[in-house]
Every structure is written in C-alpha cells, then in structure tokens.
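Reader: I would like to learn how to read a few features of a structure. Please take them one at a time.

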Amino acid sequence: MSVSTDQNSSLSPAAGLRVAVISGSVRKDRMGPTIAQWVAAALDPAGAVGPAQLDLIDVAHVELPDDSLLYPGGGPKSEVADRIAAADAFVFVTPECNHSYPASLKRLIDWHYGEWRVKPATIVAYGVHGGYAAIEHLRGVLAELSVVTTRRALGLRAPWTSLDDQGRYTPDTEVTRGLTASLAELRWWAEVLADARRDRPLTN
C-alpha cells in the first residue's frame with residue numbers, strides 16, 4: 001500500500017487502482033480516521049482486492065474556500081481538487097448525524113464537480129444503528145454528480161465497541177468480509193469506468 005498526498009500524481013497501469021479514502025467527520029473524538037485506516041489496510045497489496053495507491057483525505061484537515069464564492073459546477077479551486085481528480089475511485093467514511101451524513105462532508109462534495117464525474121464510490125457509514133440513513137442520503141447526492149455507487153455498502157453498528165488496546169478498529173470476520181466484497185465491487189466499477197472515460201467520454 002502506498003499513501004500519497006501528491007496533488008499532481010497520476011495512476012500508471014502498473015501502479016494499480018488509485019483510491020481516495022475520504023473521512024467525512026470533523027467532530028472531536030471521531031471514529032472516521034480509525035475506520036479509514038481499517039479501509040486502507042484492506043487495500044494493501046496483501047489484501048483480497050489487490051494493490052492500490054491510497055490517498056487519505058481527512059475533511060477535518062481540508063480548508064475549503066468561503067461558501068459565498070461557490071456556484072453550481074464551479075468556484076475557486078480547492079486545495080484537494082487535484083487529489084480528487086486523480087482518483088479512480090472513492091471510499092466515503094461517514095458517521096450518521098441526525099439521520100443523514102454531516103455537513104462537513106457535504107461541503108467537500110459541493111466544492112467539486114468534474115473531479116467526481118463518472119467514477120465509482122462505495123460508502124462505509126457508522127453510528128449507533130449502523131449508519132444506513134447516511135448511506136441512502138449520500139447515494140442520492142453522488143448520483144447527481146454522475147458517481148456510480150456500489151450496490152454493496154457497509155454500515156457499522158457502534159464501531160467504538162470493537163477497538164483493540166491500541167485503538168484500532170477490529171471488527172468480526174463477517175464485517176471484514178463485507179468490506180472485502182464492497183471493495184471488490186468498487187474495483188470492478190473503477191476498471192469499467194476508466195475504460196469508458198477514455199473510450200466514450202460523457203459529454204453532457
């Protein structure tokens with residue numbers, strides 16, 4: 001696994017899939033970065049879904065322009081725009097907040113447009129009840145941006161109860177299998193859509 005923060009890097013065929021794992025919460029004592037690291041480990045070359053270049057984007061560490069400068073489909077270029085554009089696929093890690101996903105993640109999504117288009121994403125959500133409302137709300141927003149979300153998404157019920165003595169997320173085998181299935185589907189879509197963007201680019 002290689003973790004990159006180079007905004008201008010691009011994926012070569014030999015390098016494998018480039019995945020941006022996006023942690024969407026900015027709250028104190030949040031689980032997002034811990035779960036994002038768990039996802040990254042599953043994308044390690046020794047993992048079941050094959051090697052990948054990883055870019056971990058933590059929304060808490062991203063400074064976006066003022067929203068008064070945002071207009072549909074554009075605005076000033078953000079500091080992570082090139083990193084999002086370079087990705088072949090996305091994993092959104094999000095808590096469920098008030099039956100949806102947090103405003104911090106919505107801001108990141110809204111500040112970009114073409115960078116997301118015709119790429120796949122899977123969602124790993126978490127909360128007291130598993131984060132499923134966040135998954136369904138996020139699917140609709142991503143569809144509007146021409147993002148293909150995988151059928152398999154993962155809801156984690158109270159993941160803070162499954163931490164080891166070093167604070168790492170260590171779920172049971174069934175949950176781990178669910179992540180592997182979601183990432184395998186993500187890889188399939190990433191390969192299909194990469195070919196489509198090259199050979200039959202979407203023009204509208």
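Reader: Where is D44 found?

Author: First a caution: this is a predicted model. D44 sits in the loop that runs between helix 1 (32-42) and strand 3 (52-58).

Reader: Is D44 buried or exposed, or something in between?

Author: The relative accessible area of D44 is 26%, so the residue is classed as partly exposed; the buried class is kept for values under 20%.

Reader: How far apart are D44 and L54 in sequence and in space?

Author: They are 10 residues apart along the chain, and their C-alpha atoms are 8.9 Å apart.

Reader: Now to charges. How many salt bridges does the structure hold?

Author: The general idea is that side chains of opposite charge can pair when their charged atoms come close. In this structure there are 13 salt bridges.

Reader: Which residue forms a salt bridge with D55, with the closest N and O atoms 3.8 Å apart?

Author: That is R18. D55 belongs to strand 3 and R18 to strand 2 (residues 17-23), so this pair ties together parts that lie 37 residues apart in sequence. Both D55 and R18 are buried.

Reader: And which residue pairs with D55 at 2.7 Å?

Author: R83 forms that salt bridge, 2.7 Å being the separation of the closest N and O atoms. R83 is in helix 2 (residues 81-86) while D55 is in strand 3, so the pair links parts 28 residues apart in sequence.

Reader: Why are D55 and R83 counted as buried?

Author: Because the relative accessible area of D55 is 0%, and because that of R83 is 11%. The cut-off for buried is under 20%.

Reader: What about D164: with which residue does it form a salt bridge?

Author: D164 pairs with R168, and their closest N and O atoms are 2.8 Å apart. D164 is partly exposed at 22% relative accessibility, and R168 is also partly exposed, at 47%.

Reader: Last, the surface. Which residues make the nonpolar patch?

Author: V128, W160 and L163 make a nonpolar surface patch of about 280 Å². L163 is placed in the loop between strand 7 (154-157) and helix 5 (173-199). With a relative accessible area of 35%, L163 is partly exposed; residues of a patch need over 30%.

Definitions and conventions:
Residues numbered from 1 in each chain as written. Predicted model: local features only at pLDDT ≥ 70, side-chain atom pairs only at ≥ 80, totals over all residues. Heavy atoms only, no water. Helix = DSSP H or I, 4+ residues; strand = E, 2+ residues; numbered from the N terminus. Buried < 20%, exposed > 50% of the residue type's maximum accessible area, 1.4 Å probe, protein only. Salt bridge = Lys/Arg side-chain N within 4 Å of Asp/Glu carboxyl O. Patch = residues over 30% accessible without salt bridge, like charges linked within 9 Å, V, L, I, M, F, W, Y side chains within 5 Å. Areas by Shrake-Rupley, 256 points an atom, 1.4 Å probe, with all protein chains shown as cover.
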